[in-house]
Amino acid sequence: MEQIEQLEAICRRYDCQLLKNEPLSKHTTFRIGGCCKALVNVNGSEVLSELVKYCNASGIRWTVLGNGSNVLVSDEGYDGVIFLIGKQFSAIEFLEDNRVRCQAGAFLMNVARAVLEESLSGMECLAGIPGTIGGALYMNAGAYGGEMSDVVVSADYIDENGCIKTALAENMDLSYRHSMFSGTKRIVVSVELQLRAGKYDAIKTEMEGYLNQRRAKQPLELPSAGSTFKRPVGSYASFLIDQCGLKGASVGDAQVSVKHAGFVVNTGKASCRDVLELCDYVIETVEEKTGYRLELEPVLLR
């Protein structure tokens, strides 16, 4: 309790909010997960740096959430502190030469709309991804043939020790659904993008085309973590799952979407256990019938 009080004192100095025993189901797009010890709504790099240093020195477990769109939280929750990087840390700044700097909590759709208003191209295919720009860089998110690696120039981040550093894109080890931040304690705090001057109407038409494709093909009406399985080399997860007749397969309220086989959705009150049991069944069935071994894309937080 004394440690949480110390965290509260740090938060008060920076005017940011700390919530105790917060249900993480409220902060993930799957709407699944137990509570954490405390959740901090981060509003700046300085407070985040200080919080990381305090937690490290005090032996407190911690991790970061953005929009929670590529995360599955255990039913038991997380025995530690969550640093939520969202609306309180989401400023967008236009620089010279068609560059844009975004704080890590900026929602991708909001970035896409903002750059559209400036007739800047490059974010069209990323607009519909339901995440923050920090989270998108963390996993080098992409869609419709484009990735964050196509537009990122540099990023400021907080390293494992709480120090603020800068990385250039060429040093980020960017590859399919991977970056230098993936699987580490490095926290992206801002991202600089290089975009291209374009025509407003053309950019808007292309962006709306991608968004319409998402609405038509993906089960956006139900909670999920987005694409549930990574793309295997030489095929597509959704094709393999569909080929195996697994659309509609379910465990509890977790279901392989009948609209898009690449998504496991929460049809009501699915638990983390339901989702994992269903995913194991899908992985085993696909491997048995096709020889492909699928891998989960969402991060499991427990």
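**Briefing on fold, burial and cysteines**

At 70% relative accessibility, Glu288 counts as exposed, and this residue is found in helix α7, which covers residues 272-290. The model discussed here is predicted, and every value below was computed from it. The protein chain has 302 residues, of which 51% count as buried, and its secondary structure comes to 7 helices and 18 strands.

**Overall dimensions and packing**

- The protein chain has a radius of gyration of 20 Å, which agrees with the value near 19 Å that a compact globule of 302 residues would have.
- Along its principal axes, the C-alpha trace of the protein chain spans about 55 × 50 × 30 Å.
- When contacts between residues at least 6 apart in sequence are considered in the protein chain, 65% of them join residues at least 24 apart.

**Surface and charge**

- The accessible surface of the protein chain comes to about 14200 Å², and carbon and sulfur atoms account for 45% of that area.
- The protein chain carries 31 positive and 38 negative side chains, and the centres of these two sets lie 2 Å apart.

**Cysteines**

- How many disulfides does the model contain? With a disulfide taken as a pair of cysteine sulfur atoms within 2.5 Å, the count comes to 0 disulfides.
- Cys125 is in no disulfide, since the nearest cysteine sulfur, which belongs to Cys102, is 15 Å away; in terms of burial, Cys125 counts as buried because its relative accessibility is 12%.
- The sulfur of Cys272 has its closest cysteine sulfur in Cys279, but the separation of 9.3 Å is too far for a bond.
- Cys272 also counts as buried, in this case with a relative accessibility of 3%.

- Asp97 has a phi near 60°, which is a positive value in a residue other than glycine, and the residue lies in the loop between β6 (92-94) and β7 (99-103).
- Is Asp97 buried or exposed? Its relative accessibility is 63%, so Asp97 counts as exposed.
- Tyr144 likewise has a positive phi, near 50°, in a residue other than glycine, and its place is in the loop between β9 (142-143) and β10 (146-147).
- Because its relative accessibility is 33%, Tyr144 counts as partly exposed, a class that lies between the buried limit of under 20% and the exposed limit of over 50%.

**Strand β11: Ala155 and Ile158**

- Ala155 is found in strand β11, which covers residues 152-158, and Ile158 also has its place in strand β11.
- Ala155 is buried, with a relative accessible area of 1%, and Ile158 is buried as well, with a relative accessible area of 0%.
- Which residues does Ala155 touch, not counting those up to four places away in sequence? They are Leu137, Lys165, Thr166, Ala167, Met172, Phe181, Ser190 and Val191.
- Once its neighbours within four places in sequence are left aside, Ile158 is in contact with Ser45, Leu48, Ser49, Cys163, Ile164, Lys185, Arg186, Ile187 and Val189.
- The corresponding figures for Ile158 and Arg12 are 21 Å in space, C-alpha to C-alpha, and 146 residues in sequence.

- Apart from its neighbours within four places in sequence, Ile4 is in contact with Leu18, Lys20 and Ala38.
- Ile4 and Val81 are 77 residues apart in sequence, while their C-alpha atoms are 9.1 Å apart in space.

Terms used
Residues are numbered from 1 along each chain as its sequence is written. This is a predicted model: local features need pLDDT of at least 70, side-chain atom pairs count only at pLDDT 80 or more; totals for chains, interfaces and linings use all residues. Side-chain values use heavy atoms; hydrogens and water are left out. Buried means under 20% relative accessible area, exposed over 50%, partly exposed in between (1.4 Å probe, protein chains only). Helices (H or I, at least four residues) and strands (E, at least two) are DSSP runs, numbered from the N terminus. The radius of gyration is taken over C-alpha atoms; the globule rule is 2.2 Å times the number of residues to the power 0.38. Contact means heavy atoms within 4.5 Å. Accessible areas come from the Shrake-Rupley method with a 1.4 Å probe; for residues, only the protein chains shown count as cover. Lys and Arg count as positive and Asp and Glu as negative; His and the chain ends are not counted. The place of a charge is taken as NZ of Lys, CZ of Arg, CG of Asp or CD of Glu.
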